[in-house]
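Please read this briefing alongside the sequence and the coordinates.

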Amino acid sequence: MDRYLTVAEVTDSARRLVSRYPGALRLRRIGTSRAGRPIEMLSVGHGPRHVLVVARPHPDEPVGGTTALALAERVARGDHRSPATDQAVVTWNIVLCLDPDGAALSQGLEEATAGPAPSVYDYYRTAYRPVGAEQPEWAPIESRQLPESQALFDVIDELRPFLQCSLHGVEAGGSWVQLTQALPGLAAPFRTSAAELGIPVQRGTFDALYWENPGPGVYVLPPPESTARLAAGSENIGLSTWCAPQRYGGVTAIVEVPMWASDLAADPSPHPEAAAALRDLAGLVRHGGRQVTGVLDKARAFLPPPGVSPPRRVLEWMADGLYDLVADSWEPLARQAADDPRRVTTAQICALDVVARRQPLRAAGLLLRLLRAADHPAAPELHRDLDDLFTTWCTDFEKSLRLRRTPVHHQVALQTRTTLTAAATALATGPVTRT
């Protein structure tokens, strides 16, 4: 069965695992979401050292829950032998879904992407991603302390994990790992696993455009004094849940895998027309954003208000300068391309191409959902016009980046292998000394 599991399926499977391995596995609630949904954690083993795995931190990235179960079962069975999976040495603690409210708003995503040939159209018509201040890992940077964030902080303080792994997924491109501290033994096995599974390694990423890059597909957070953090917009990243294990000498690995792969993501050659490409992509995200906002302007009067509608909050947040903010953030790279075209690679342009296309698509998908549910005579025509545009954008996305579906079991295998290797490497490295 090559599909993502729903949150309910993940939870039910976790309970069955506890029944199969009594004593070795425990399932407990570690917190409650804003809407009252449980946040549950599955623990495997009884060792004094702890690994913390966080699944579904973003609700539109469904692979993590499926990976969480695969990890738990592998450790419980003992079929990956290393000190890091010795249940007398290390306890594995796996948060099954950090944002259950967001996952409920992405209901249908797993089914929409389960067919033999799911498309980006199927994905974006059901996916939901909250505003930054409502994303549990990132909310503290936005001066919001969500109960989901607090639950994770509390578990980090309780367990003092030597490794935290956050399981993420990207719509398109390649796979990569972001680290809060270097793990020198991780890069080679990560690349080997990706190659065996036919998943390109992302050589240049929008999420870590200015982070240190010791090897292909591995990005390390610059030290606090580095001005590169400012360029990346992450000057307050130390407030996030990613950096919390550092107070105990722990490291966090963010493991990204693509739903659809693009071999362009792994191409390190200089882009032949980087400056022009960056201008085009900046124009793409701005123009697409204006088109969605134009439809939103016509529908605002009859859509549910932002205070009661999370999708509407996202739409207003994006309309309020986000498209320009994204495009403007690429200006330093555009200046580099103008000064020395060889410095900007095809892989970097591919990564930014994904961002340029996905911002309007995310907004259009949410607005289509609201228009479909609206009881107003103007809604059907607005829905038809926007759906035509949305369909064209999705087709262009797939063609421009030459996308091919990454089998779900390959995504899960890469995340699982990378997490196990990160644990073994971090355990062997020992606590990180902060200076």
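**Helix packing and two residues**

The axes of helix α9 (residues 274-299) and helix α13 (residues 379-400) come within 11 Å of each other and cross at roughly 165°, where axes are lines fitted to C-alpha atoms, for helices over the stretch in contact, and angles run from 0 to 180 degrees between N-to-C directions. α9 is therefore roughly antiparallel to α13, a term for angles over 145 degrees. This is a predicted model, in which local features need pLDDT of at least 70 and side-chain atom pairs count only at pLDDT 80 or more, while totals for chains, interfaces and linings use all residues. Residues are numbered from 1 along each chain as its sequence is written, and side-chain values use heavy atoms, with hydrogens and water left out.

**The contact of α9 with α13**
- Gly-288, Gln-291, Val-292, Val-295, Lys-298 and Ala-299 in α9 meet Leu-382, Leu-386, Leu-389 and Trp-393 in α13, contact meaning heavy atoms within 4.5 Å.
- The residues of this contact divide into seven nonpolar, two polar and one charged, with Gly counted among the polar ones.

**Asp-388**
- Asp-388 lies in helix α13 and counts as exposed because its relative accessibility is 51%, the cut-off for exposed being over 50% (1.4 Å probe, protein chains only).

**Glu-110**
- Glu-110 is placed in helix α4 (residues 109-112) and counts as buried because its relative accessibility is 5%, buried meaning under 20%.
- Leaving out residues up to four places away in sequence, Glu-110 touches Tyr-4, Leu-5, Thr-6, Arg-56 and Pro-62.

Conventions. Helix = DSSP H or I, 4+ residues; strand = E, 2+ residues; numbered from the N terminus. Parallel < 35°, antiparallel > 145°, perpendicular 65-115°, else oblique.
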